[in-house]
Amino acid sequence: KALNQDNLDDTASKITAWAWIKNRDATDNHILVDRVRGVGKDMHSNNTDAEATNLNTVQRFLQRGVQIGSDVEVNTANESYVLWQWLLGDSATTGSSITTGSPSLTTTGIVAAADHFSILSYTGNATGGATIAHGMSAAPEMIVIKERDNANGWIVGSDVVGYTKILRLDTTDASTTDSGAFNDTAPSATLITLGSNNGTNRSSGKMICYAFRSIPGVCKVGKYIGNGNNNGVYVNLGFKPRWVMVKGLAASRNWNTLDTARNPVNVASPFVLLPNDTLVDTAGQIGAFDILSDGFKPRDTAANSNASGETYLYMAMADIGGNGTLPPIYGR
């Protein structure tokens, strides 16, 4: 009964702002839904499809959870799913205007109180140098943008890659030069600069942007260099990660996600899902990792996670105690 949204205490907080669901037992799409776009508006990280309206996916954003419908991609009988969720705010608002830095494009969004994450909506104008406001107190270090109303790919920008290049969340592509995505301009403390390409700034295109920055004990964006050894490099985060996403930059590599819900015991190798693919959660399909009290470590020589001399981008979210109500679990 305590898990029923309507029975939670009035002082309970932290409403889910972004829900990412994947069927572990079937090759269903990854389902991504957020509060700014609204319930039932799903997109798939594994393909370029435009946003679809499906009221039987995520139907309601709850305190530290979601209500789901009967769609097979979120709720097939006797099949196992994983839900990754980013919590934001004390009420299920859909966002408000963000004007910090005087962006040239009207920006609507919501920003996490911890200042590590924001969800942003805007309409493109196909003009290089256009700007949107990210709402955080310092520049984001990783940006993911998808056009909602056309079949354009997911564009990823990062400090690790540099904003003259991009990655694509829906493919295995290496980082590629693309001045039309971010106008060869890194984000500032207030604004994200866009190029003229359709992927980030189509004229009259409805766009969604997820922006992240490192905050001690909450989130870390960074890189490591693989050593091609079963005793991989130690990546210090300063906290115990709950969720980690990794992508190799120099060659065709999958995006890899692991978490301590599916992998509570090291070596955390059996279950790694691929955001760019619909593969099921199959043991041994990708490299092994250790999840440590203050970071993580690749534990084999798989090219997707630990090729010798290769640079890997990562984003890690902290293990937060009390189902999101207690402080982060720092290294110990």
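Me: Which residue in β21 stands opposite V244?
Reply: L258 in β21 stands opposite V244. This is a predicted model, where local features need pLDDT of at least 70, side-chain atom pairs count only at pLDDT 80 or more, and totals for chains, interfaces and linings use all residues. Residues are numbered from 1 along each chain as its sequence is written, and side-chain values use heavy atoms, leaving out hydrogens and water.

Me: How many bridges join β20 to β21?
Reply: Five bridges join β20, residues 241-248, to β21. The two strands run antiparallel. Strands here are DSSP runs of E with at least two residues, helices are runs of H or I with at least four, and both are numbered from the N terminus. Two strands pair if DSSP finds at least two bridges between them.

Me: What holds paired strands together in general?
Reply: Strands of a sheet pair through backbone hydrogen bonds, either parallel or antiparallel.

Me: What is the strand order in the open sheet of four strands?
Reply: The order is β18-β24-β20-β21, and the pairing is antiparallel. β18 (219-225) and β21 (255-259) stand at the edges. Each has a single partner strand, so one side of each has no neighbour in the sheet. From one strand to the next, the twist averages 20°. That angle, on a scale from 0 to 180 degrees, is between the N-to-C directions of axes, which are lines fitted to C-alpha atoms (for helices, over the stretch in contact).

Me: New topic. Which residues touch the most other members of the largest nonpolar core?
Reply: W18, W86, F117, I119, M142 and Y210 do, out of 36 residues in that core. A nonpolar core is a set of buried Ala, Val, Leu, Ile, Met, Phe, Trp, Tyr and Cys residues joined through side-chain atoms within 4.5 Å. Buried means under 20% relative accessible area, exposed means over 50%, and partly exposed is in between (1.4 Å probe, protein chains only). Strands that each supply at least two residues of this core include β1 (16-23), β7 (81-87) and β10 (117-123).

Me: Where do nonpolar side chains tend to be in soluble globular proteins?
Reply: They tend to be buried together.

Me: What is F117 in contact with?
Reply: Leaving aside neighbours within four places in sequence, its contacts include W18, W86, L88, I110 and Y210. Contact means heavy atoms within 4.5 Å.

Me: Is W20 buried or exposed?
Reply: W20 is buried, because its relative accessibility is 1%. W84 is buried too, at 5%.

Me: Why is the Y163 and F182 pair edge-to-face?
Reply: Because the planes of the two rings are at 90°, with centres 5.5 Å apart. Both residues are buried.

Me: Last one. What is the phi of S102?
Reply: It is near 55°, a positive value in a residue other than glycine. S102 lies in the loop between β8 (96-97) and β9 (108-111). S102 counts as exposed, because its relative accessibility is 62%. N183 also has a positive phi, near 60°. N183 is partly exposed, at 31%.

Conventions:
Phe/Tyr/Trp six-rings, centres within 6.5 Å; stacked < 30°, edge-to-face > 60°.
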